[in-house]
Amino acid sequence: MTFEEGRALFPVLERIAYLNAGTFGPLPRPVADAVTAGVARDLAEGRTGIPYFEDTIRLRAEVRSRIAALVRAESEQVALTTSTSEGCAIVLRGLGLDRGDEIVTTTDEHFGLLGPLATSDATVVVVEPDPERILAAVTPRTRLIATSQVLWTTGALLPLAELRERSGVPVLADGAQSVGAIPAGANCLDFLTISGQKWLCGPDSTGALVVRDPERLALTSPSYFAQSRHEPDGTLVAHPDARRFESGWWSPGVLRGMLAALALRPEWAYDRGAEAAAACRALLAPRVELVTPAAAATLVAFRPEEKSADVVARLQAAEVHVRELPGRGLVRASCGWWTSDDDLERLVAALDP
């Protein structure tokens, strides 16, 4: 697939310079078609019958397998969820942390991770997102390092595999801004959360949780998909793998939509995304204060002289879609494998008052 053929899969790119995949990725036509066909099938034939449910179970297994291949994990380590936030909550509940335990996190985390952290009985230790400061905060009471592979604020990369190796402490990686944007391996991490609707350009309310050792987490909120067998009193035999943590139903159309999203990614997706982000940083550097480091992922954040909300509104009026980071005075552009040079030039042109 050529770059032009890839862009043609996204009708929205015909009009909008879409630089906000860090919130929602642009929706590809094959994904929309798969979801729409699924709803039409359900409307005409109903959501019933053994073949219907058997096909859904088969599709769930195929999605797990495709996600596992993407992050270099085993399909038995993958649970389907509805979001990164839900994946974080499953881990925080399942670890059974008590008062006196500590979790180390950073000042630059999204509420998708911070919310679940706040519900834990453990003490949350917050430090700057610097590897040495994270390691310095680890004590004998530290039970978990919980942070992002890619910071949603600046696009900076954190060396989580190195942090795990040097600290000896399990790591929960918020993968919302990494999986699909950069090569993100789960094999050196304990827990990795995935958002399906961001860089993977999948349907809404999709995600996954990768658990290196499923036996390590307690099952605290079982859905129907958690069990292989249950008794009338509710006693259950949980699946021996990460399926025990699956939170609920994905319709067949959504499952096929996610498979379509994973299948359409070109081999050159990571390289093109990195090139677009580098080009974006180079174009913006003479004009605004960049806060994104040189060694970064595909997010490019900058501090404009005007109010960030005003800048974002002006860009949107010019059909250039970026994101304001509330409370930080920052504007963030997300550069994907579909981002063109023209998209970036439109961004720069629209920045001029």
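Predicted model: local features only at pLDDT ≥ 70, side-chain atom pairs only at ≥ 80, totals over all residues.

**Helix packing**

- Helix H9 (residues 269–284) and helix H11 (residues 341–351) have axes that come within 10 Å and cross at roughly 25°.
- Angles under 35 degrees count as roughly parallel, and H9 and H11 are therefore roughly parallel to each other.
- The crossing of H9 past H11 is right-handed.
- On the H9 side, the contact is made by Arg272, Ala276, Ala279, Cys280, Leu283 and Leu284; on the H11 side, by Asp341, Leu344, Leu347, Val348 and Leu351.
- This contact of H9 with H11 comprises 9 nonpolar and 2 charged residues, with no polar ones.

- The volume of the largest cavity is about 40 Å³.
- Its lining consists of Gly180, Ala181, Trp199, Arg265, Ala269, Tyr270, Gly273, Thr298, Cys335, Gly336, Trp337 and Trp338.
- Sorted by class, the lining of the largest cavity holds 7 nonpolar, 4 polar and 1 charged residues.

**Open space**

- The largest pocket contains about 250 Å³ of space.
- Lining the largest pocket are Phe53, Ile57, Arg60, Ala61, Arg64, Tyr224, Phe225, Gln227, His239, Arg243, Glu246 and Trp249.
- Helix H3 (residues 50–70) gives the most to this lining, with 5 residues.
- The lining of the largest pocket has 6 nonpolar, 2 polar and 4 charged residues.

Definitions and conventions:
Residues numbered from 1 in each chain as written. Heavy atoms only, no water. Axes fitted to C-alpha atoms, helices over the stretch in contact; angles between N-to-C directions. Helix = DSSP H or I, 4+ residues; strand = E, 2+ residues; numbered from the N terminus. Parallel < 35°, antiparallel > 145°, perpendicular 65-115°, else oblique. Left-handed = near helix turned anticlockwise from the far one by under 90°. Contact = heavy atoms within 4.5 Å. Nonpolar A, V, L, I, M, F, W, Y, C, P; charged D, E, K, R; others polar. 1 Å grid on protein atoms, 1.4 Å probe; cavity = no way out; pocket = protein on both sides within 12 Å on 5 of 7 lines; lining within 4 Å. Points joined across faces, edges and corners; volume = space filled by probe spheres on them.
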